[in-house]
Amino acid sequence: MSLESSSPGGRLSVWSRGWVWWLPFAAVGLDLISEAAVGGREPASFLLTGVPPLTAATRGPRGTALSVVVCLGLQMLMAWRRPGHFDEQHHVALYMATFLIGVVSVLLSVQRERAQRHLIRANSVAEALQRTLLRPVPPRIGHVRAAAYYTAGEGGTLVGGDLFDVCETPFGVRAIIGDVRGKGLNAVQAVAAVLAGFRVSAHEWKDLPLLTDRLELSIDRNVARTAVGDPELFVTALVLELAQDTVRIMDRGHPPPIAVGPQGARILATAPALPLGLKELSPVPGLTTTLHRLQPGEVLVLYTDGISEARNSDGDFYPVLERLTEHFCGTQRTDPETVVAFLKTDTRNWSATSEGDDQAVLAMALV
């Protein structure tokens, strides 16, 4: 969320408001041009009745009230220039109509500013919630460089059902990326439960399977999965541990990570288990981790299905592995920031629509 166009007082600057801001001036100018064109033979001042509503769309009550006074003054001046017209019945009716429309416009301006203040407060709360749940990833955590990208798929929202985090622990740098089934409040609650559990348990549990069990317990205790909630709620996730030149992976039903380097991109095989929240359905006890060695210069890329399932105009899914290989194969140097920036731009260009599923990318490289 960005409020870059807002001034400290919560009002947009003159130039950032766009063409709508200039409409009242255009309407007054059009009226004056029309009045000059007809040479006073026909009244053109009725066009000024539309100025107060246009003003109310971009200005406050004082500015709107000033536009009412200006319009009434111009109407009276135009009528006064034509002998006998100032107090004619249709001119008096025009003055009254402009005044009444102006009063309503001032009230609309008050309501618009009230709604704008409420929206700014709501966006500020949503931004604070996003920063609390999805903390900005620092460029370096211990012996790991990192970068991340997140966008909510539902337009106008800041928080969705994707999650990620990175932290340094006594066992090495650990990371998580996940995707909650569904959207809305239940998804946000699940994101909060998983991230809260990870930020505590990642420092306490040496084994990744036990760590993911704690995350599952956090979901069970903090997220409603009853008839009033979502009985089918679950979270796909990858939990990783980077130590020296290796990465250990616990896969809970999430797309596997990709290692990107000068030789291209390769998928790191995992041993998938059921997603978090569905452990009771697993017929086999115990979970398996996989261990991989990262080559010098390789960047580990984690992503959610909002990336891999982005569709182009032909309905084709975004080919993550192929696009990363094509772009980075043969390059002298890769880094997390470059990989994240590429995926962000490339998936946006690939997608046929501007809105879709939530998207999250987390890239890491050993220093």
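These legends walk through a few close-ups of one predicted model.

In this predicted model, local features need pLDDT of at least 70 and side-chain atom pairs count only at 80 or more, while totals for chains, interfaces and linings use all residues. Residues are numbered from 1 along each chain as its sequence is written, and side-chain values use heavy atoms, leaving out hydrogens and water.

**View 1. The five-stranded sheet.** Here 5 strands line up as E3-E4-E5-E6-E9, an open sheet with antiparallel pairing. (Strands are DSSP runs of E, at least two residues; helices are runs of H or I, at least four; both are numbered from the N terminus. Two strands pair if DSSP finds at least two bridges between them.) At the edges sit E3 and E9 (290-293), each pairing on one side only.

**View 2. The E3-E4 hairpin.** Strands E3 and E4 make a hairpin with 2 residues between them. Their antiparallel pairing runs over 8 bridges, and Val166 stands opposite Ala175 in E4. E3 (residues 162-169) is largely enclosed by the rest of the structure because 7 of its 8 residues are buried. (Buried means under 20% relative accessible area, exposed over 50%, and partly exposed in between, using a 1.4 Å probe and protein chains only.)

**View 3. Where E4 meets E5.** Another 8 bridges join E4 to E5 (residues 235-243), again antiparallel. Look for Ile177: its bridge partner in E5 is Leu238.

**View 4. Leu77 on its helix.** Leu77 belongs to helix H3 (residues 61-80). Leu77 counts as partly exposed because its relative accessibility is 43%.
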